[in-house]
Amino acid sequence: MRNTVKKLTWGIGGFILMVFILTILVLTDFQQKMEKREYEVQLKALREYSELDAVMVERTLEGYLSTMEGLAAVLSVGSPELKDGMEYLKSAAGSQDFKRLGLVDTDGILWATDGSKVDLSDRSYLQQIREKKPYVITESENSRITGQEIFVIAIPVTGAEGQIKWILHGVMRLEDFQPYENIETEQARRYIQVIDRRGNYILRNYYIDSGMPSYDTFFEGLQLSSGDMDAVEIMAKIKAEETILTERNYGGTDYIEYLQPLQLNEWYVVTSLQKDDITLE
C-alpha cells in the first residue's frame, strides 16, 4: 500500500513538474515571439522615420533650388551686364537664406555679393553646368573665402540665345542647414546624420543623451566600430547607392542604423537608434 502511495505521489509530482516545465517553455517561446515581433515593428518604424528624414532634407534642398531658379530666370531676361546682374543679386541677397550669392563668369571667376572675387576655374561642378547639367549641389568643403564648412548650389544663367552666360552660385553654411529644427519630440531620440559619398558630415542632429561618440568623419566611425557588416562592405554599398540596414557597436553601445541615398543629391541619410530602444530588454 505504501509503495502504491509512494508511486502515486512521485507520479503526481512528476506530472506537475512536466506541466511546470512545459508552461515555462510555452511562456518563453511566447516571450521570444513577442520580442521578435516588437523588434520587427520597431525596425519598420525606423525605416519609415528614415524615409521621413530623407524627405525633409530633399524638400529643404528643393526650396533652395527653387529660389535659385527664380533668381536665374530674372537674370536671364534681357541678358543684363555683369554689373547690373550683381546689383540685382545684392538687392535680393538680404531676403535669401544663402550666406553668399554670386555670379561666375566665363573665365571661372566668382563675383560675390559680399564684394569678394575668387578664381573657381578649377572646380569640377562648373564644368558639369557647362555640360548642360541643370544644377549641381556640391559636397561639403571649407570655404576659400571664410574657411567655414559650406556647400554650394550652382545653376546656369542663360543669355538671349540660350547660351550659358554666367553660373549662379549660392553658398550655404552647414551650420545654417537645419532641416530638422521642427522634428517632433516623440521622434527626437533617433540620431540623424547626413553624409556625402566620401563619409564627410553634412549635418549631425544629436538627440539628448544619444551616447553616440563623435568622429571626424562617418567613415572613421565605421572603421572604429564593429557590427554585422565590415566597414569596407558598408562603404562599398554607399558608393553603389544601396540602402543599408546594419547593427553597429559604437563605444560599447549597440545601435541599429538605416542608411539610404537621397534622390536629389549624392548624399546619404543615416538614421540611428540605440538597440535597447527597439527591444523589450
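**Notes on the salt bridges, cores and main pocket**

1. Arg173, Glu175 and Asp176 are linked in a network of salt bridges (a side-chain nitrogen of Lys or Arg within 4 Å of a carboxyl oxygen of Asp or Glu). Bear in mind that this is a predicted model, where local features need pLDDT of at least 70, side-chain atom pairs count only at pLDDT 80 or more, and totals for chains, interfaces and linings use all residues. Residues are numbered from 1 along each chain as its sequence is written, and side-chain values use heavy atoms, with hydrogens and water left out.

2. Arg173 is buried at 17% relative accessible area, while Asp176 is partly exposed at 34% (buried is under 20%, exposed over 50%, partly exposed in between, with a 1.4 Å probe and protein chains only). Arg173 sits in strand β7, residues 164-173; strands (E, at least two residues) and helices (H or I, at least four) are DSSP runs numbered from the N terminus. Not counting residues up to four places away in sequence, Arg173 touches Lys99, Gln148, Glu149 and Ile150 (contact is heavy atoms within 4.5 Å).

3. The salt-bridge count comes to eight. One of them pairs Arg198 with Glu139, closest N and O atoms 2.5 Å apart. Arg198 is in the loop between β8 and β9 and Glu139 in the loop between β4 and β5, so this pair ties together parts 59 residues apart in sequence. Glu139 is partly exposed, at 24%.

4. Now the inside. The largest nonpolar core has 35 residues, and Val57, Leu61, Phe151, Leu168, Phe177 and Trp267 have the most contacts inside it (a core is a set of buried Ala, Val, Leu, Ile, Met, Phe, Trp, Tyr and Cys residues joined through side-chain atoms within 4.5 Å). α1 gives the most to this core, ten residues. Leaving aside neighbours within four places in sequence, the contacts of Val57 include Phe177, Trp267 and Val269. Another core, of 19 residues, lies apart from it, with Tyr201 and Met235 among them.

5. What about the largest pocket? About 400 Å³ of space lies there, and of its 18 lining residues, Gln128, Val136, Ile137, Thr138 and Glu139 lie nearest the centre. (On a 1 Å grid over the protein atoms alone, a pocket is an open set of points where a 1.4 Å probe fits, with protein on both sides within 12 Å along at least five of seven lines; lining residues have an atom within 4 Å of a point. Points are joined across faces, edges and corners, and the volume is the space filled by probe spheres set on them.) The largest share of the lining, three residues, comes from α3.
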